[in-house]
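Let's take a walk through this one together. Have the sequence and the model open side by side as you read.

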Amino acid sequence: MKKLVFKFLAKVNQLLLPSFSKKRLDLSKASKFQMALIGWRYFVTTRALD
C-alpha cells in the first residue's frame, strides 16, 4: 500500500515538477526552493523504488 502511494507520487512529480537535470542546473547555484524540490523528488523516488 505504502509503495503504491509513493509510485503514484513519483508519477505526479514527473508530470508536474520541473526537471533540473534537463535544464543543467548547477547545484551550487540552486536556490533553497530548488534544493527543496530536488530533495522531495529524491525522497519520493527512493521510497517508490524500495
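This is a predicted model: local features need pLDDT of at least 70, side-chain atom pairs count only at pLDDT 80 or more; totals for chains, interfaces and linings use all residues.

Residues are numbered from 1 along each chain as its sequence is written, and side-chain values use heavy atoms, with hydrogens and water left out.

Helices here are DSSP runs (H or I, at least four residues), numbered from the N terminus. Helix 2 has 18 residues, and at 1.5 Å a residue it should span 26 Å; its end C-alpha atoms are 26 Å apart, so the two agree. The expected span is 1.5 Å times one less than the number of residues.

Which residues of helix 2 are buried? They are L37, V44 and A48, where buried means under 20% relative accessible area, exposed over 50% and partly exposed in between, using a 1.4 Å probe and protein chains only. Looking down the axis of helix 2, you'd see these buried residues fall within an arc of 40°, so they line one face of the helix; the arc is taken from the directions from the helix axis to the C-beta atoms. Helix 1 is included in what covers the buried residues of helix 2.

Now for the rings. There are two aromatic pairs in the structure. In one, the ring centres of F6 and F43 are 5.9 Å apart with their planes at 80°, so this pair is edge-to-face. (Rings of Phe, Tyr and Trp, the last by its six-membered ring, pair if their centres lie within 6.5 Å; planes under 30 degrees apart are stacked, over 60 edge-to-face, and the rest tilted.) This pair links distant parts of the chain, with F6 in helix 1 (residues 2-16) and F43 in helix 2 (residues 32-49), 37 residues apart. F6 is buried at 13% relative accessible area, whereas F43 is partly exposed at 32%. Ring pairs join F6, W40 and F43 into a cluster.

Back in helix 1, find N13. N13 is buried, with a relative accessible area of 7%. Apart from its neighbours within four places in sequence, N13 is in contact (heavy atoms within 4.5 Å) with W40, R41 and V44.

Finally, R24 sits in the loop between helix 1 and helix 2. R24 is exposed, at 77% relative accessibility. Its phi is near 55°, a positive value in a residue other than glycine. Most residues other than glycine have a negative phi.

How values were computed:
Helices (H or I, at least four residues) and strands (E, at least two) are DSSP runs, numbered from the N terminus.
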